[in-house]
Amino acid sequence: MSFTLREATIDDCAEILEIRNEKEVRINSFDPNKIEYAAHEKWFKGVLANPSRKILILDNGQIAGVLRFDMDSERAETSIYLAPEYFGRGLGEILLIRGEEWLRNKHPAIKQLTAKIKSDNTRSQSLFAKFGFVEQGEIWVKKI
Ligand SMILES: CC(C)(COP(=O)(O)OP(=O)(O)OC[C@H]1O[C@@H](n2cnc3c(N)ncnc32)[C@H](O)[C@@H]1OP(=O)(O)O)[C@@H](O)C(=O)NCCC(=O)NCCS
């Protein structure tokens with residue numbers, strides 16, 4: 001199966017919400033509540049209009065994974081999730097690798113990645129540690 005990384009567009013709005021509202025994604029989010037479409041659409045349009053924020057999609061005809069960078073001049077906060085049917089296939093790592101490549105190309109001034117990971121989210125902690133992030137409490141940090 002081949003996966004491409006691309007920037008999200010407004011056409012991805014509904015499919016992204018479907019994945020974000022999956023139980024397996026919500027339990028690992030800092031806000032575990034289901035999100036209503038209207039609130040999501042407003043948030044999503046705001047992100048698309050903001051040059052400091054970027055949503056990238058791992059795509060194989062449908063959305064397999066979502067990565068968001070929230071950037072300032074030197075740092076990018078990184079948040080990822082996969083559609084649950086794609087868990088356990090190494091795609092989290094592919095998403096992080098390709099996302100970092102994208103960032104190096106488009107925002108070379110960024111020198112640090114951060115990620116906020118819940119203390120009981122051992123799967124995500126393993127993934128980010130493997131990818132070079134170091135734990136500093138609930139914040140994980142990687143120099144790039
Ligand atoms: C976190 C997430 C992106 C991981 O992606 P993935 O590709 O499914 O990850 P994998 O199943 O390959 O697991 C990553 C690593 O953790 C290990 N792992 C899997 N389940 C684990 C568990 N319960 N405890 C500890 N480690 C675990 C795997 O063995 C793997 O390590 P390895 O490559 O050395 O074998 C994905 O599960 C997800 O989207 N979860 C919901 C949202 C989320 O938690 N996002 C992150 C918020 S910061």
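1. How do the residues of the shell around the ligand divide into nonpolar, polar and charged? In this predicted model, seven of the shell residues are nonpolar, eight are polar and four are charged. In total, 19 residues surround the ligand, and the closest are I80, L82, G88, N121 and K130.

2. A backbone N or O atom of L82 lies 2.7 Å from an oxygen atom of the ligand, and a polar backbone atom of L91 is 3.3 Å from a ligand oxygen. In the case of K130, an N or O atom of the side chain is 2.7 Å from an oxygen atom of the ligand. As for the surface of the ligand, which exposes 940 Å² when taken alone, the protein buries 71% of that area.

3. The space that the ligand takes is the largest pocket. The elements that give two or more residues to the shell around the ligand are strand 4 (75-82), helix 4 (91-106) and helix 5 (122-130). Helix 5 gives the most, contributing six residues to this shell.

4. A separate point concerns the aromatic rings. A pair of such rings is described by the distance of the centres and the angle of the planes. The count for this model comes to five aromatic pairs, and one of them can be followed here as an example. F3 and Y86 form an edge-to-face pair, with 6.1 Å from centre to centre and 85° between the planes, where planes over 60 degrees apart count as edge-to-face. Because F3 lies in the segment before strand 1 (4-7) and Y86 in the loop between strand 4 and helix 4, the pair ties together parts that are 83 residues apart in sequence.

Methods:
Residues numbered from 1 in each chain as written. Predicted model: local features only at pLDDT ≥ 70, side-chain atom pairs only at ≥ 80, totals over all residues. Heavy atoms only, no water. Near = heavy atom within 4 Å. Polar contact = N/O pair within 3.5 Å; in protein donor to acceptor, adjacent residues only side chain to side chain. Areas by Shrake-Rupley, 256 points an atom, 1.4 Å probe, with all protein chains shown as cover. 1 Å grid on protein atoms, 1.4 Å probe; cavity = no way out; pocket = protein on both sides within 12 Å on 5 of 7 lines; lining within 4 Å. Sits in = over half its atoms within 2 Å of the grid points. Helix = DSSP H or I, 4+ residues; strand = E, 2+ residues; numbered from the N terminus. Nonpolar A, V, L, I, M, F, W, Y, C, P; charged D, E, K, R; others polar. Phe/Tyr/Trp six-rings, centres within 6.5 Å; stacked < 30°, edge-to-face > 60°.
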